[in-house]
Amino acid sequence: MNAIVEREKGLIELEQRIAALKTHAAQQPVDMTAEIRALETKYAEIQREVFGTMTPWQRVNMARHPKRPLGSDYIAALDQFDELHGDRHFRDDRAIVGGFAKLRGRRVIAIAQDKGRDTKEKVLRNFGMPSPEGYRKVIRLVQLADHLGLPVVTFVDTSGADPGIGSEERAQAEAIAQSLYELADASVPIVATVIGEGGSGGALALALADRVLMLEHAVYSVASPEGAAAILWGDAGRAEEAATRLKLTSDDLLQFGIVDEVIPEPLGGAHRDPVGVVASVLAAVDNALSALTVVAPEELRDRRYRKFRRIGAPAT
Amino acid sequence: MPMPEWLRLRRAEAVPADQAAQWTKCPKCGSMIYRPDLAANAWVCPNCSHHFRMHAFDRISMLVDSDFVEIGGELLPGDPLGWTDKVPYPQKLQRDREKSKLTEGVVCGFASIGGTPVALGVMDFNFRGGTMGTVVGERITQLFESARERHLPCIVFTASGGARMEEGMLALMQMAKTTLAVRRFHDDGGYYVSVLTDPTTGGVSASFAFQADVILAEARAAIGFAGRRVIEQTIRQKLPENFQTAEFLLEKGAIDMVVERSELKGKLMRLLDYGIGAQRPANGRAALLRAIGAPPESAESRA
């Protein structure tokens, strides 16, 4: 069970009680304003207590919340979208959705990782874990963007690249390496937003970007907490401990200079106001694009080089 | 050219004083091998030709003509996350430094191989499993940047468990940083050959290992993205014996060739020769050639 869903239970009960009371008050000639206000104050108090400060592990659970807006929700909120399918070699990986789009009137190539909402869709999208074909689709779309001079907008949300037999047979490492290689030299602006889980190389393959944005309660880490715990201690059960040590929250990453901008979420998380959150992410992406589209391609590539070049470089 | 200090030390260490330490058991065929014999045979089992994992210094001395000029050796890792589990991260680093006689998971520099000057990077699994943290990323980046400046071909031997957990996202970002350096080197006409050795996985395989113009792998090396255990746990079944081996990748079309260690230097010399057109004169090149003991070039030798 998701730890946030668990913590939300009391709040949802309270919410229902308030709603019931309001309905009741509307039908009855008694004044319940005071009772309602008291409950609402209590609700706000609990909400602040539960969500005001969250541990890294709670953030991980927030990033994985079953109601959190997914990649497809961002795609659906674009002015228009024409999906392009497939890697031209093997198949269409549904863990990655991409194609032509318009974002606030601007022509772009939009690419999103999507975990799927219900069981059927989760299976279809392999729980958001892309296969090599997914990354090869990204490569193809970035080449297309470069060819047509369209900016690239990506939405990152994956626990990691698919670790299955088939993915290894079709060279998952090569696919990710080449996706990075393609983004490294694109002459068009690239804006990546981590909207949920940024899991390892499978996430980075869409995030070698000129601007890296991140939702407040998204996480972005060198490996999923479970993966890191398994690698470090041979025990995936110590994921919470790993999450604490990995420094994977948006504040940590802003401090390290790995993320350029953090987009705030409403108290209680993005799923409390999905429409508003999606809109504010798209607005932030649009802002970032406005600043980047005026930069000459050579300068853009040069800045991209320097942006990553300084990470982990010795202090001068 | 005087023998460098590290190589002199390394050779002196080949014969340990302790009698028992002079014998090593082959993990593949179980035969007991006299260590100096193993070293003389390039760390290949004389009985079953199992390729032992090599120390970076042994690898370098096996390949280079004379001297090796290291770059980035002064770069040492910090502790950006303030990481502690059983022991603090700086202590783990200290332990590995003592055990491996290395300062980090990769040794980079210039040398000549079969008369051709090259930029050479050699990763070593003995140092934190060859994981890539900020220093490995920085040294590899500097290697490609220096190779680009000097118009030298670049050879990188990979051996890595992936990104280094203890440096978190700063480690992951080295995949992006090294990629940018490889790409810039390549777009400027640089020629890059990678040699994947046992094991090459995770963030290293998913970045510079698979971005070379020509990709070789040492015979029977384990190569992949996800670790074997991770896959077995995910799919809950045993994997076939040859899964994620160099030979498996060759069959699937992911790499150019599989090479036995005994034939490696010869193969690299031939491959370097094909790339001679990518080498152009550059400032400071003559001085560098002198430093690594390579013969001075005439105009024809580059034609």
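**Notebook: chain by chain, then across**

I started with chain B and its contacts. Among those with a separation of 6 or more, 69% join residues 24 or more positions apart. I also noted that this is a predicted model, so I looked up the confidence values next. For chain B the average pLDDT is 90, and 89% of the residues score at least 70. For the complex, the predictor gives an ipTM of 0.95 and a pTM of 0.94.

**Chain B, the overall count**

I counted up the elements of chain B and got 12 helices and nine strands. The chain has 303 residues, and 49% of them are buried.

How is chain B divided into domains? I found domain 1 at 1–52 and domain 2 at 54–293 in the domain assignment. I took the centres over C-alpha atoms, and they are 22 Å apart. Where these two domains of chain B meet, domain 1 supplies 10 residues and domain 2 supplies 15 residues. I sorted the domain 1 side by class and wrote down eight nonpolar, one polar and one charged.

**Helix H6 of chain B**

I went to H6(B), residues 168–187, and checked its length. Its 20 residues reach 30 Å from first C-alpha to last, close to the 28 Å expected at 1.5 Å a residue. Is this helix mostly covered or mostly open? Mostly covered, I noted: 19 of the 20 residues in H6(B) are buried. After the helix comes B:Gly189, and I read a positive phi there, near 100 degrees.

**The nonpolar cores**

A general point I jotted down first: in soluble globular proteins, nonpolar side chains tend to be buried together.

Then I looked for the core here. Which residues of the largest nonpolar core touch the most other members? I got A:Val152, A:Leu180 and B:Cys154, out of 160 residues in that core.

Leaving out residues up to four places away in sequence, A:Val152 touches A:Val108, A:Ile109, A:Ile111, A:Val142, A:Ala145, A:Ala186, A:Val188 and A:Ile190.

**Chain A, its domains**

Chain A splits into domain 1 (3–53) and domain 2 (61–309). I put their C-alpha centres 36 Å apart. The contact between them takes five residues from domain 1 of chain A and seven residues from domain 2 of chain A. On the domain 1 side, the elements giving two or more residues are H1 (3–27) and H2 of chain A. H1(A) gives the most there, with three residues. By class, I wrote four nonpolar, one polar and no charged residues for that side.

While in H2 of chain A (residues 33–51), I stopped at A:Lys42, which is found there. Is A:Lys42 buried or partly exposed? I counted 13 other C-beta atoms within 10 Å, so A:Lys42 is partly exposed.

**Where the chains meet**

I ended with the backbone. B:Asp198 and B:Pro199 are joined by a cis peptide bond, with omega about -15 degrees. B:Pro199 lies in strand S7 (residues 192–200) of chain B.

A:Ser200 has a positive phi, near 60 degrees, and is not a glycine. I placed A:Ser200 in H9 of chain A. There are 29 other C-beta atoms within 10 Å of A:Ser200, so I marked it as buried.

B:Arg220 also has a positive phi, about 65 degrees, without being a glycine. I found B:Arg220 in the loop between strand S8 (214–218) and helix H8 (228–235) of chain B. With 16 other C-beta atoms within 10 Å, B:Arg220 is partly exposed.

Notes: Residues are numbered from 1 along each chain as its sequence is written. Chains are lettered from A and ligands numbered from 1 in the order in which they are written. This is a predicted model: local features need pLDDT of at least 70, side-chain atom pairs count only at pLDDT 80 or more; totals for chains, interfaces and linings use all residues. Helices (H or I, at least four residues) and strands (E, at least two) are DSSP runs, numbered from the N terminus. The expected span of a helix is 1.5 Å times one less than its number of residues. A residue is buried if 20 or more other C-beta atoms lie within 10 Å of its own, exposed if 12 or fewer, and partly exposed in between; C-beta atoms are placed from the backbone. A nonpolar core is a set of buried Ala, Val, Leu, Ile, Met, Phe, Trp, Tyr and Cys residues joined through C-beta atoms within 7 Å. Domain bounds come from an automatic or database domain assignment. Ala, Val, Leu, Ile, Met, Phe, Trp, Tyr, Cys and Pro count as nonpolar, Asp, Glu, Lys and Arg as charged, and the others, Gly among them, as polar. pLDDT is the predictor's confidence in each residue, from 0 to 100.
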